[in-house]
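This report concerns charged pairs and a surface patch in one protein model. Please consult the sequence and the structure while reading.

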Amino acid sequence: SGGMDSRIVAGILKQIQNERNGFDVTAFCWGIRPSRDPVYAEKIALMYKWQYEHFAITPTTLKRNIELAADMGCFFAPQHLHAMPDIAKRAVTLGIDCILAGSYGDSIGRGEYSGNKVMQLKPVKSCLGDPFGLINKSLYKECKIQTLKEIDRYHQLYETKNKWAINEIDYQIHYMRNQLNTCMSVISWYIPLYQCFTSTEVVKYMWSYHPDYRTDEVYLHLVKSIDRKLYEIPWARTGKRYLSTNDTPDNLGKAYHKYGEWVRKELSGYIESLIFNGEIEATNIYNMKQLKYMYKVNKANMAMMSKKLDEIVLWLATLAIYLKKNKVTVDKNISSSNIRSLRGTVYLLIYSAWQKLKLSKKKT
């Protein structure tokens, strides 16, 4: 990608290639052209004289991933698969021996998880919730009690009582391993896949420092020491050189997909038919009246780009396929809930308005 993790992997790999020779490198990247990620990735590949393979992200890609995520057990929302299945098959065709990924760089190195620094991470317990009022209340309460017990149980296995350290380990478990690694297993089905930045030595070294010292500057010094030319290629997040305060951003788009738009337009009929074909309702797990209202609000709000509501919509579409394919037996003892949640409705409207406000600020 055009991020820092992959270019550091690329720089180190180029050093090894220069020292040992005898092997070729192919760079794989996905995304809408001409967004920053594929443009910068191709620049790096050309600079190192590597083969470059680009994979488009389209509504068809997302539709395929909805169905594939269902086959994988609904452990994640389908958009996180991106073009991974295509890369795996192409790698087989090209005779690739293994694939190196830099997914753990930000978390292990800069202490960042989905844009949040370690000291800002919320305890995993606080992430449990049903703010939009979509789940059967009694069932939700029962499941939450059991989940909290399990969290407390495995927390007893930790050797630290430091709250921020516990939070980081939890995010490594649930965000990095359970979600990201599960997605990327699609590649490892076909080709051995190795995550860089994850060796015991590297993790021990970086985690020996307080998060206050695992700053963005770690990457600034690292990339300059590996290959100064890598620093000159802009960072995909900003369109400027990494941490530069003087550069003018380029004119390339930051978004490498349009998942939110595709959910509301191209795939709306397909997704709607899945969620409301009776499979979801038959479980008695969901408040269908509130779910239908949430879907309506999300479809009408063109301001949002694959945020929380899109994630829920896509995951429910995947769940509907899973339920049908596996002929899941429904527990008839669960009482259905079809009363609109007032709190969930208010939260839903506030969230929608907040997303619109964020978009208008970006435009200005």
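The sections below treat the salt bridges and then a nonpolar patch.

## Basis of the report

The model is predicted. The structure holds 20 salt bridges, among them the pairs Arg237–Glu112, Lys125–Asp152 and Arg153–Glu150. Side chains of opposite charge can pair when their charged atoms come close.

## Arg237 and Glu112

A salt bridge links Arg237 to Glu112, with 2.6 Å between the closest N and O atoms. Glu112 belongs to strand β4 (residues 112-113), whereas Arg237 is located in the loop between α10 (228-232) and α11 (259-264), so the pair ties together parts that are 125 residues apart in sequence.

The two partners can also be described by their accessibility. Glu112 has a relative accessibility of 8% and counts as buried, because the cut-off for that class is under 20%. Arg237, at 33%, counts as partly exposed.

## Lys125 and Asp152

The side chains of Lys125 and Asp152 form a salt bridge with an N to O distance of 2.6 Å. Asp152 lies in helix α6 and Lys125 in the loop between β5 (116-117) and α6 (137-155); the pair therefore ties together parts that are 27 residues apart in sequence.

Lys125 is partly exposed at 33% relative accessibility. For Asp152 the relative accessible area is 33%, and this residue is likewise partly exposed.

## A pair within helix α6

Arg153 and Glu150 are joined by a salt bridge between their side chains, at 2.8 Å from N to O. Both residues belong to helix α6, where they are 3 residues apart, about one turn of the helix. Arg153 has a relative accessible area of 47% and is partly exposed; Glu150, with 37% relative accessibility, is also partly exposed.

## A network of shared partners

## A nonpolar surface patch

On the surface, Val92, Trp189 and Tyr190 form a nonpolar patch. Together these residues have about 330 Å² of accessible area.

Trp189 is located in the loop between α7 (163-188) and β6 (193-195).

Key. Residues numbered from 1 in each chain as written. Predicted model: local features only at pLDDT ≥ 70, side-chain atom pairs only at ≥ 80, totals over all residues. Heavy atoms only, no water. Patch = residues over 30% accessible without salt bridge, like charges linked within 9 Å, V, L, I, M, F, W, Y side chains within 5 Å. Areas by Shrake-Rupley, 256 points an atom, 1.4 Å probe, with all protein chains shown as cover. Salt bridge = Lys/Arg side-chain N within 4 Å of Asp/Glu carboxyl O. Helix = DSSP H or I, 4+ residues; strand = E, 2+ residues; numbered from the N terminus. Buried < 20%, exposed > 50% of the residue type's maximum accessible area, 1.4 Å probe, protein only.
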